[in-house]
Amino acid sequence: MDVLIVGSGGREHAIATAVKKSPRVDKIYCAPGNGGISGIAECVDITAMEFDKLADFAEEKKIGLTIIGMDDPLVGGVVDVFEKRGLRVFGPRKNAAIIEGSKAFSKDLMKKYNIPTAAYENFNDADKAMAYLETQKMPIVVKASGLALGKGVLICQTLEEAKDAVKSIMTDKQFGDAGNEIVIEEFLTGREVSVLCYCDGTHIKPMTSAQDHKRAKDGDQGLNTGGMGTFSPSPFYNDEVKHFCEEKVYQPTMDAMKAEGRDFIGILFVGLILTPDGPKVLEYNARFGDPEAQVVLPRMKNDIIDVMEACIDGKLDTIDLQFEDNAAVCVVLASDGYPEHYEKGKEIRGLDAFEGKDDYFVFHAGTKKDGDRIVTNGGRVLGVTALGATLKEARANAYKATEWIDFDNKYMRNDIGKALDDVAL
């Protein structure tokens with residue numbers, strides 16, 4: 001079959017790499033794709049939000065399966081458009097993707113169905129939010145309810161900071177319409193762990209765990225970003241935690257969405273925090289995480305097409321989901337100044353060093369082709385991923401591989417996975 005992937009980032013490059021391994025796939029298209037994806041797929045000049053054009057293309061090329069990588073088109077209803085035309089598509093419908101599109105919705109869902117999460121209140125009035133803050137303990141978390149490219153979460157240490165956050169999100173519209181409604185919730189402490197799950201509307205199968213690094217600078221300092229690196233598996237996600245989440249989080253979430261008439265088919269990303277009082281849900285996403293996909297998918301043994309089709313057909317329970325007994329670490333190479341101001345158009349050198357190396361990957365995020373060159377075209381430019389027998393070996397391999405790549409204003413965190421130094425592995 002021919003496959004169409006919708007998106008243009010490192011996540012979509014990781015998906016395309018997994019799809020390429022399937023013997024069932026003849027050709028891969030990606031809309032709009034990027035400089036790296038163009039090496040394994042034909043990139044199509046259609047944006048992720050041009051739903052009818054995407055569906056027209058899928059019909060014209062007789063695409064056997066379309067995979068939606070990005071959050072915006074999912075929340076906007078691209079799957080509904082494809083399904084109405086009888087096209088085979090992987091991802092949640094609009095009424096299910098709301099679990100990511102509205103943090104207020106997801107918090108209310110967890111509250112209604114007793115899924116463990118932080119105490120919270122939702123607000124669509126800035127003055128009422130300010131008054132509520134006067135009654136709360138600090139630190140506290142202020143979140144834009146809508147989609148904000150992973151950056152709409154502000155951790156506030158003081159009442160003044162919290163009020164500034166409300167003003168920034170609701171009044172100054174730092175995140176646009178995503179800040180029309182906000183969630184204010186208690187600040188939780190503990191290790192954060194991400195678990196991506198395949199879902200068929202009834203059944204849910206969690207993948208191996210991962211752990212992200214959101215802050216721009218070493219030591220978890222600086223602004224929140226889309227993710228500066230990640231590792232898999234997380235040693236903090238042990239069998240006890242896994243069993244708890246299967247019983248109290250994963251299946252209850254599927255059952256809750258079904259009870260609400262919002263059957264969830266696709267990828268459910270569960271952002272967990274392992275608190276002293278047990279695991280709690282920080283957030284849900286309705287698609288593969290980025291850069292979590294870059295460490296989880298290279299470890300998956302299954303044919304990704306088989307798994308995705310089982311989800312669409314409601315037969316996920318027939319899949320024995322398996323992962324390699326190894327580890328992966330991804331280090332993001334960014335443009336200096338990200339996530340605020342940065343330059344584009346810098347030539348990237350050294351990409352050919354990855355050719356023929358099975359345990360090393362370079363996933364393109366913000367890149368584009370410029371003649372025979374690949375140049376920078378975004379804040380997060382590349383995700384350098386390496387495998388290893390252990391997390392520490394994978395980490396050493398990943399940092400070694402970052403030295404193969406060079407471009408002007410290259411920036412990375414030097415402590416991805418540093419938390420592992422304190423863990424007996």
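1. Of the contacts in the chain (heavy atoms within 4.5 Å) between residues at least 6 apart in sequence, 69% join residues at least 24 apart. The model is a predicted one, in which local features need pLDDT of at least 70 and side-chain atom pairs count only at pLDDT 80 or more, while totals for chains, interfaces and linings use all residues. Residues are numbered from 1 along each chain as its sequence is written, and side-chain values use heavy atoms, with hydrogens and water left out.

2. The secondary structure comes to 12 helices and 22 strands, taken as DSSP runs (H or I, at least four residues, for helices; E, at least two, for strands) and numbered from the N terminus. The chain is as compact as a globular protein of its length, because its radius of gyration, 21 Å, is close to the 22 Å that the globule rule gives for 425 residues. That radius is taken over C-alpha atoms, and the rule is 2.2 Å times the number of residues to the power 0.38. Along its principal axes the C-alpha trace spans about 60 × 45 × 45 Å.

3. Buried residues (under 20% relative accessible area, 1.4 Å probe, protein chains only) make up 56% of the 425 residues. Strand E9 (residues 182-186) is mostly covered, with four of its five residues buried.

4. E9 pairs with two strands, pairing requiring at least two DSSP bridges. Strand E6 (residues 120-123) runs antiparallel to E9 and is joined to it by four bridges; here Glu121 has Ile184 of E9 as its bridge partner. Strand E7 (residues 140-144) is also antiparallel to E9, over five bridges, and Lys143 has Val183 of E9 as its partner.

5. The second largest pocket has a volume of about 720 Å³. Of its 27 lining residues, the closest to its centre are His13, Thr17, Ile40, Phe354 and Val362. Helix H1 (10-20) and strand E18 (360-364) each supply at least two residues of this lining. On a 1 Å grid over the protein atoms alone, a pocket is an open set of points with protein on both sides within 12 Å along at least five of seven lines, and lining residues have an atom within 4 Å of a point.

6. Three cavities of 30 Å³ or more are found in the whole structure, a cavity being a set of grid points where a 1.4 Å probe fits but cannot get out. The largest cavity has a volume of about 40 Å³, and its lining includes Ile67, Phe90, Ile267 and Arg287. Volumes are the space filled by probe spheres set on the points, which are joined across faces, edges and corners.

How values were computed: Buried < 20%, exposed > 50% of the residue type's maximum accessible area, 1.4 Å probe, protein only.
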